Amino acid sequence: MEKDDNSDKVCLSVKEKCTSEQPEEMVTNLKASIRDLSVKVNEQNQRKCHVKDKLQQLRERISKEGVDVSVQELMPLLRSLKEIEKEESKVLSKCNAKRSALEDAVHDLEERVAKGHDDEIQEEDLDGLLVESLDNLTSAKKELAATLREIVSLKRQIDDVPCQSELLQYERRFSELNVCIQEKLQQTRKLYATYNALLEIKDLMLKETSLLNSIGSQFQDVIGTPAGRVKLIDSMEGVMQGIQQKIGKVQLGLQEEQRLRDASKEKYVAAAAEQRKCYTVLRAFQEECTKNEKLRSHISAVNTSDSKEGAE
């Protein structure tokens, strides 16, 4: 916004000088404004070169980090960036054409001043050309600013994509977290199994206590009559059946645990045998390597002795 205000001030100053000053001073002011425009165009060219250097650095970074998926996503954006650069070059070419036209007008004005045709100077045409050149320069600045904003957005998108080292770090952390979760799960299962076993023992002890209390309190009353004795025997048989069922369930669980133990023992025996086999193969390989080194040293010694005898 400050640059646009400066351009408007330059335009107004040129208009005022065109109306109040001599033709020679007006030519000098026009040349100064043309030089300002040339400096601004050169600044834009320098900014464009800086933008191209940034794009080259981004391409090299992409090739080093191997972010192929993100590059495929950014290719349409790069194509749009190239189109914007083409439009910017067109605008700059137009600006250069306008500048050359303005320079031609200045030369024509100088020739007219030299010939004494001061009254034929068309101040309004020169002002219009100057204002148009300033407008073109302002539009070129706006397009360059838009291009820079797009480049910054592309750079942010590239920075948001994780590199290969970050992905490996994430994978390592997830594997460590998985190991911790598995350990916690095994501990939780063991605690639940212990709790269930203790709960079953508690239930059995409560049942045993209640049975003994009932027998102790009613034994004298029940044992005195034949019907009471039969009822006591039936209740004891029911208790025995419940105990047998409990024993059967416990034996089934024991058999399952024994089966798992046997399977684990077989796996352990197979792994130990495989380990012993690996140790045996490794020892044999080391022995063969030692023999090979001795054989090589012997062959090299024989070759050196033969070469010495041949030299003599």
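A residue is taken as buried when its relative accessible area is under 20%, as exposed when that value is over 50%, and as partly exposed in between. On this basis, 19% of the 312 residues of the protein chain count as buried in the structure described here, which is a predicted model.

The protein chain contains six helices and zero strands. Read from the N terminus, its elements follow the order α-α-α-α-α-α. Contacts within the protein chain were examined for pairs of residues at least 6 apart in sequence, and 82% of these contacts join residues at least 24 apart. The accessible surface of the protein chain amounts to about 23900 Å². Carbon and sulfur atoms account for 55% of that surface.

The largest nonpolar core comprises 11 residues, namely Leu-30, Ile-34, Leu-37, Val-41, Cys-95, Leu-102, Val-106, Leu-109, Leu-130, Leu-134 and Leu-137. At least two residues of this core come from each of helix H2 (23-65), helix H3 (68-115) and helix H4 (123-160).

Helix H5 spans residues 164-223 and holds both Glu-176 and Arg-173. These two residues form a salt bridge in which the closest N and O atoms are 3.9 Å apart. Glu-176 is partly exposed because its relative accessibility is 41%, a value between the two limits. Arg-173, with a relative accessible area of 44%, is likewise classed as partly exposed.

A nonpolar surface patch of about 530 Å² is formed by Leu-167, Tyr-170, Phe-174, Leu-177 and Ile-181. Of these residues, Leu-177 is located in helix H5. The relative accessibility of Leu-177 is 47%, so this residue counts as partly exposed.

In total, the structure contains three salt bridges. One of them joins Arg-259 to Glu-256, with the closest N and O atoms 2.3 Å apart. Both residues belong to helix H6 (residues 226-311), and because they are three residues apart, about one helical turn separates them. Arg-259 has a relative accessibility of 48% and is therefore partly exposed, and Glu-256 is also partly exposed, at 36%. Another salt bridge links Asp-262 with Arg-261, where the closest N and O atoms lie 3.5 Å apart. Asp-262 is partly exposed, with a relative accessibility of 32%. For Arg-261 the relative accessible area is 47%, so this residue is partly exposed as well.

Cysteine residues were considered last. A disulfide is a covalent bond between the sulfur atoms of two cysteines. A pair of cysteine sulfur atoms is counted as a disulfide when the two lie within 2.5 Å, and by this rule the structure has zero disulfides. Cys-95 is part of the largest nonpolar core. Cys-49, by comparison, has a relative accessible area of 47% and is therefore partly exposed. Cys-289 is also partly exposed, since its relative accessibility is 32%.

How values were computed
Residues are numbered from 1 along each chain as its sequence is written. This is a predicted model: local features need pLDDT of at least 70, side-chain atom pairs count only at pLDDT 80 or more; totals for chains, interfaces and linings use all residues. Side-chain values use heavy atoms; hydrogens and water are left out. A salt bridge is a side-chain nitrogen of Lys or Arg within 4 Å of a carboxyl oxygen of Asp or Glu. Helices (H or I, at least four residues) and strands (E, at least two) are DSSP runs, numbered from the N terminus. Buried means under 20% relative accessible area, exposed over 50%, partly exposed in between (1.4 Å probe, protein chains only). A nonpolar core is a set of buried Ala, Val, Leu, Ile, Met, Phe, Trp, Tyr and Cys residues joined through side-chain atoms within 4.5 Å. Contact means heavy atoms within 4.5 Å. Accessible areas come from the Shrake-Rupley method with a 1.4 Å probe; for residues, only the protein chains shown count as cover. Patches are made of residues with over 30% relative accessible area and no salt bridge: like charges are joined within 9 Å, nonpolar side chains (Val, Leu, Ile, Met, Phe, Trp, Tyr) within 5 Å.
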